[in-house]
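Hi everyone, and thanks for coming.

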Amino acid sequence: MSSTPSDALIRISNVKHAYRTDAGPLPVLDGFNVEVPEGAFTAVVGPSGCGKSTLTRLIAGLLFPDEGDVILHGEKVTSPRNTVGMAFQNPVLLEWRTILDNVCLPLEIVPNDLSRKQKNDRGYELLAMVGLQGFEDKKPSELSGGMRQRASLCRALAHRPDVLILDEPFGALDAFTREDLWQIMHELRHNEAFTCLLITHDLRESVFLADQVVVMSGRPAKTQYVLDVPFGRDRVLDDLYTPEATQMLLDLRHQIQVAQGRPLGELEHEPESPESGAGEPGS
Amino acid sequence: MSSKQRFATPIIALVIFSLLWEFVVWINGWPNYVMASPSDLGPAFYKFRWLFLEFGWDTLWRTVAGLMLAIAFGVVVGMIMGFSRTMREALYPLLVGFNAIPKATVVPVVALLLVGQHNLNTVLLAFMISFFPITVSISIGLSTLEPEYRDILLSLGASRLTIFRKIALPKTLPEFFGALKVAVTLAFIGTNLMEIVEPHGRGLGHLFDSGKISADYPLMFAVLIALAVMGIGLYYVVVILEKIFAGWAERQES
């Protein structure tokens, strides 16, 4: 998916960032580039500790790059912007609030002129979208892990952000719950207008959800590889088991190995018969 | 467990405990001046009922005032230590050192420093002995707040104060109430230490001291029981406050 710089909603160009430690600066990102067009869904994958979470904090305006630019809507990010929604692996719901009040939290902080009822209606609407109707008045401790993560997604979208940042939101869930949430993600995309950047370790997840998958190299991370996913927006899980998807997964798998600094020969398959690799595990 | 049962269980336990106590004193044939028995307590309470009311009130308000001071100080210092790593590293050794000093040795220092200010002295000692757990609980509660909570609110443009009010404060409440339960009993120790070691004619500590001087052992035991009852009362006040403000942290019985 090619895009000119002007129509990219998120544009990260040549970003360099280092953490200061006792042993001197620890560079995590160096020469990282990514462009996400408006309304698109980009997944970022890479080996552990390659600075994926740093990336989310840069886009959210919680951290600023040493060099290079983070640009949203053509404007350089210099402070947190309340047009960004975030969800993490840990759903971090407030245990003392009901699910509805958790979802409505951003509406208490982002300036708006919604009435109490309008805020609640927004919460009801989102919870219904993710199949949590009837749970509005429950406390987070009464919900399963998958349900809590769904509520966390609703909270991230409550204030209608135009950018959604997901930092491994499904990483702690079991395989089947994770697949449920992937489908819910597609439904949310149908109903809500947002541009999404997903950080993940799960290659199947990246191919199933994203229009574009970016592979980060090992630390300090630069953009190593960009894969365009040619599937349309209407996807079903079975699409992951087509030869086309298998070839993409294999491709990403190899790129991750390169990023980890391991020789390719170790795990090389015969690319002529991609069907044999249909059961390729996610990561 | 029905509510009737929940009410009856501690009372039955109390009756059994009193009977055992009475029995042990009786079987050993101990006279009053070795060990008073529960049946001696009633007459002692009745005989000094007005003093018990008056001095009990003295002890109670001084203890509560000391606790209030401990809460105010503990919350402020706990916040400073919870939010600033530098302050935490600077203040921890000081606090631990101060807490390690036996408070009985502080009594004469305070009594000399603020000579004649008996109420203030007593309140101060209750405060000094009870602020530590509160400070530590608040600082730990705040410093162990998961960074994601902060990030979510910061990314929405929330101020530090909003983060404290909406997340840090409520999240710390269960730990705070846990510490307050410890602090309640400690505060009573502080009040009585001052009233006994530096007698100035008021408070249950003074009544205990008079019982000792006049060899009225049933009176001394009666004072101990009165202190225990007041401690239990104040403890349950904290439990009720905890249920109101931090009830969400309690696991439901299924």
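**A walk through chains A and B**

Let's begin with one helix: the buried residues of α1 in chain A are A:K52, A:L55, A:T56, A:R57, A:L58 and A:I59. That makes six of the eight residues in this helix, which spans residues 52–59, so α1(A) is largely enclosed by the rest of the structure. After the helix comes A:G61, and its phi is positive, near 80°.

Before going further, please keep in mind that this is a predicted model. For the complex, the predictor reports an ipTM of 0.78 and a pTM of 0.77.

Now let's step back and take chain A as a whole. It contains eight helices and ten strands. Its radius of gyration is 19 Å, close to the 19 Å that the globule rule gives for 283 residues, so chain A is as compact as a globular protein of that length. Along the principal axes, its C-alpha atoms fill a box of roughly 60 × 45 × 40 Å. Of the 283 residues, 42% count as buried. And if you take the contacts between residues at least 6 apart in sequence, 73% of them join residues at least 24 apart.

Next, the strands. A quick reminder for anyone new to this: strands of a sheet pair through backbone hydrogen bonds, either parallel or antiparallel.

In what order do the six strands of the open sheet in chain A run? The order is β6-β7-β8-β3-β9-β10, and the pairing is mixed. At the edges sit β6 (84–88) and β10 (223–228), each pairing on one side only. On average, neighbouring strands of this sheet are turned by 15° against each other, ignoring direction.

Let's move to some other strands of chain A. β1(A), residues 8–21, and β4(A), residues 67–72, pair in the antiparallel sense over five bridges. Within that pairing, A:S13 stands opposite A:D69 of β4(A). β4(A) also pairs with β5(A), residues 75–76, again antiparallel, over two bridges. Here A:I71 stands opposite A:K76 of β5(A). These two strands, β4(A) and β5(A), form a hairpin with two residues between them, and A:H73 in the turn has a positive phi of about 55°.

Finally, chain B, and how it meets chain A. Which elements of chain B give two or more residues to the side that touches chain A? First the totals: 15 residues of chain B are in contact with 17 residues of chain A. The elements in question are α7 (147–155) and α8 (160–197) of chain B. The largest share, seven residues, comes from α7(B). By type, that side of chain B divides into nine nonpolar, three polar and three charged residues.

How confident is the predictor about chain B? The average pLDDT is 89, and 98% of the residues score at least 70.

Methods:
Residues numbered from 1 in each chain as written. Chains lettered and ligands numbered in written order. Predicted model: local features only at pLDDT ≥ 70, side-chain atom pairs only at ≥ 80, totals over all residues. Helix = DSSP H or I, 4+ residues; strand = E, 2+ residues; numbered from the N terminus. Rg over C-alpha atoms; globule rule 2.2 N^0.38 Å. Buried ≥ 20, exposed ≤ 12 C-beta atoms within 10 Å, placed from the backbone. Contact = placed C-beta atoms within 7 Å. Pairing = 2+ DSSP bridges. Nonpolar A, V, L, I, M, F, W, Y, C, P; charged D, E, K, R; others polar. pLDDT = per-residue confidence, 0-100. Axes fitted to C-alpha atoms, helices over the stretch in contact; angles between N-to-C directions.
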